[in-house]
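Subject: Handover of a structure

Dear colleague,

Please find below the structure that I am handing over to you. My notes on what was found in it follow.

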Amino acid sequence: MTPARLALVALAIAATATAAAALDFTRIRSERAFRDFVADRTLVDEFGGTLVFAANGGVGGTKDRHRVSGGWRWTNEALCHATRLDGIVVEQDCKHLYILGDMVVMRAKEGRSSQETWRLR
């Protein structure tokens with residue numbers, strides 16, 4: 001790749017990152033808002049995996065043809081959950097949630113770590 005082409009690619013990546021950062025996501029800070037916007041709806045990831053955080057505190061869905069189960073509670077402005085994959089505990093975490101239209105972003109470790117993006121159905 002020529003230096004000029006490499007510079008154009010770097011500029012395009014920077015512009016995309018800036019545009020993404022400019023999106024006006026709203027933080028979901030309360031259990032009531034979580035229940036209003038997310039609970040009992042299907043979240044779908046980029047690979048077709050699904051999650052449903054049921055209003056009764058349960059978690060269900062599918063990931064790579066495996067059954068997802070578990071439970072959730074709302075604590076200190078975060079969604080805390082334990083999830084199992086085919087009965088084996090795979091995650092226990094409290095996540096900060098952000099929403100924009102039908103897109104939900106979950107930031108692990110109370111907003112201090114990696115994030116996942118989901119679409120609401």
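The link of C80 and C94 is right-handed, with 110 degrees about the S-S bond. C80 lies in strand β6 and C94 in strand β7, so the pair ties together parts that are 14 residues apart in sequence. This link is a disulfide with an S to S distance of 2.0 Å, a disulfide being a pair of cysteine sulfur atoms within 2.5 Å. The structure holds one disulfide. C80 counts as buried at 3% relative accessibility, and C94 is buried with a relative accessible area of 16%. Here buried means under 20% relative accessible area, exposed means over 50%, and partly exposed lies in between, with a 1.4 Å probe and protein chains only.

Some remarks on the basis of these values are in order. The model is predicted, and local features need pLDDT of at least 70, side-chain atom pairs count only at pLDDT 80 or more, while totals for chains, interfaces and linings use all residues. Residues are numbered from 1 along each chain as its sequence is written, and side-chain values use heavy atoms, with hydrogens and water left out.

Overall fold

The secondary structure of the protein chain comes to three helices and nine strands. Helices (H or I, at least four residues) and strands (E, at least two) are DSSP runs, numbered from the N terminus. From that terminus on, the order of the elements is α-β-α-β-β-β-β-β-β-β-α-β. The protein chain has 121 residues, of which 34% count as buried. Among contacts (heavy atoms within 4.5 Å) between residues at least 6 apart in sequence, 29% join residues at least 24 apart.

Salt bridges

Side chains of opposite charge can pair when their charged atoms come close. A search of the whole structure finds eight salt bridges, each defined as a side-chain nitrogen of Lys or Arg within 4 Å of a carboxyl oxygen of Asp or Glu. Three of these pairs are described here.

R27 forms a salt bridge with E77, and the closest N and O atoms are 3.8 Å apart. This pair links distant parts of the chain: R27 is in strand β1 (residues 26-28), whereas E77 is in the loop between β5 (66-75) and β6, 50 residues apart. R27 is buried, with a relative accessible area of 16%, while E77 counts as partly exposed at 35%. R27, R29 and E77 are linked in a network of salt bridges.

R119 forms a salt bridge with D102, with 2.7 Å between the closest N and O atoms. Here too the pair links distant parts of the chain, R119 being in strand β9 and D102 in the loop between β7 and β8 (103-107), 17 residues apart. R119 is partly exposed at 42% relative accessible area, and D102 is partly exposed at 36%.

The side chains of K95 and E91 also meet in a salt bridge, at 3.2 Å from N to O. K95 is buried, with a relative accessible area of 3%, whereas E91 counts as partly exposed at 26%.

The largest pocket

The largest pocket has a volume of about 390 Å³. Of the 23 residues that line this pocket, D45, L51, K63, E116 and W118 are the closest to its centre. The elements that give two or more residues to the lining are β3 (50-53), β4 (58-63), β6 (78-85), β7 (88-100) and β9 (115-120). The lining divides into nine nonpolar, six polar and eight charged residues. Ala, Val, Leu, Ile, Met, Phe, Trp, Tyr, Cys and Pro count as nonpolar, Asp, Glu, Lys and Arg as charged, and the others, Gly among them, as polar.

As for the method, a 1 Å grid is laid over the protein atoms alone; a pocket is an open set of points where a 1.4 Å probe fits, with protein on both sides within 12 Å along at least five of seven lines, and lining residues have an atom within 4 Å of a point. Grid points are joined across faces, edges and corners, and a volume is the space filled by probe spheres set on the points.

K63 lies in strand β4 and is partly exposed, with a relative accessible area of 38%. Not counting residues up to four places away in sequence, K63 touches D45, V68 and L85. K63 and L51 are 12 residues apart in sequence and 8.5 Å apart in space, C-alpha to C-alpha.

Phi of D64 is near 50 degrees, a positive value in a residue other than glycine. Phi of R65 is near 65 degrees, again a positive value in a residue other than glycine. D64 counts as exposed at 61% relative accessibility, and R65 counts as exposed at 86%.

With kind regards
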